[in-house]
Amino acid sequence: MIICMDKQQNWAFKNFDDLGLNDLYDILQLRSRVFVVEQRAFYLDADGLDKMAHHVLLRTDNGKLVAYCRLLPPGSLFPKAAIGRVVVDPDHRGQGLARSLLSQSIPRCLALYQVNDIHISAQKHLHDFYASFGFQTVTADYLEDGIPHVGMDYGTGYHS
């Protein structure tokens, strides 16, 4: 487990075995709150990939999980390394946490898996957000869990 501070934010990077029960519960609760309840996407969140993922967590000073994503190794979900389950607590949106989350996650994913490319399955309405980090569209639009998505890649030849 590695903990690092960025602009007074408490980031934690953990593999599955380093997640405590409270971490796991908070992750599943936040993902369920946003992806299942708020977005009304009914899907199996516990997809078996969390066990091979590295998890990026941001907690407030009082311990509330407010931002999260998982980093997946190449070949687990896509041929390339991937960032997924990117989520910010609804009560903490508008504070730049998603931007900070991606700023932490992109270099961490590249270094962790020793790769030059990352794939994301981006919700279509977030295309411009991901593009602002250098992700480029590499697929046509598609539906995932009833929500329009687009495949995007970051890496050599994709960003400036």
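Guide: Strand 3 and strand 4 form a hairpin, with five residues between them. In that turn, glycine 63 has a positive phi of about 95°. The model is a predicted one, and the part to follow through it is strand 4, residues 65-72.

Start with the partners. Strand 3 covers residues 54-59 and runs antiparallel to strand 4, with six bridges joining the two. To place one of these pairs, find leucine 58, whose bridge partner in strand 4 is alanine 67. Strand 4 is also joined to strand 5, residues 81-88, by five bridges, and this pair is antiparallel as well. Here leucine 72 stands opposite alanine 82 of strand 5.

Next, the surroundings. Strand 4 is mostly covered, since eight of its eight residues are buried. In a regular strand the side chains alternate between the two faces of the sheet.

Leaving out residues up to four places away in sequence, arginine 31 touches Val36, Asp45, Asp50, Tyr68, Arg70, Arg85 and Val87. By their numbers, Tyr68 and Arg70 fall within strand 4, while Arg85 and Val87 fall within strand 5. Arginine 31 counts as buried because its relative accessible area is 0%, below the 20% limit. Serine 32 is also in helix 1. That residue is only partly exposed, not fully exposed, because its relative accessible area of 30% lies between the limits of 20% and 50%. From serine 32 to aspartate 47 is 15 residues in sequence and 13 Å in space, C-alpha to C-alpha.

Strand 4 also holds cysteine 69, judging by its number. The count of disulfides comes to zero. Cysteine 69 is in no disulfide, and the nearest cysteine sulfur belongs to cysteine 109, 8.5 Å away. A disulfide needs the two sulfur atoms within 2.5 Å, so the sulfurs of cysteine 109 and cysteine 69 are too far apart for a bond. Both ends of that gap are covered: cysteine 69 is buried, with a relative accessible area of 0%, and cysteine 109 is buried at 0% too.

Strand 4 is among the elements that give two or more residues to the lining, along with helix 1, strand 5, helix 2 (97-112), strand 6 (117-123), helix 3 (127-131) and strand 9 (147-155). Strand 5 gives the most, with seven residues.

The protein has a mean pLDDT of 91, and 92% of its residues reach 70 or more. Confidence is highest in strand 4, at a mean of 98, and lowest in strand 1, residues 2-6, at 39. Over residues 1-7 the pLDDT is below 50, although this stretch has 18 contacts in the model beyond near neighbours in sequence.

Technical notes: Residues numbered from 1 in each chain as written. Predicted model: local features only at pLDDT ≥ 70, side-chain atom pairs only at ≥ 80, totals over all residues. Heavy atoms only, no water. Buried < 20%, exposed > 50% of the residue type's maximum accessible area, 1.4 Å probe, protein only. Contact = heavy atoms within 4.5 Å. Helix = DSSP H or I, 4+ residues; strand = E, 2+ residues; numbered from the N terminus. Pairing = 2+ DSSP bridges. pLDDT = per-residue confidence, 0-100.
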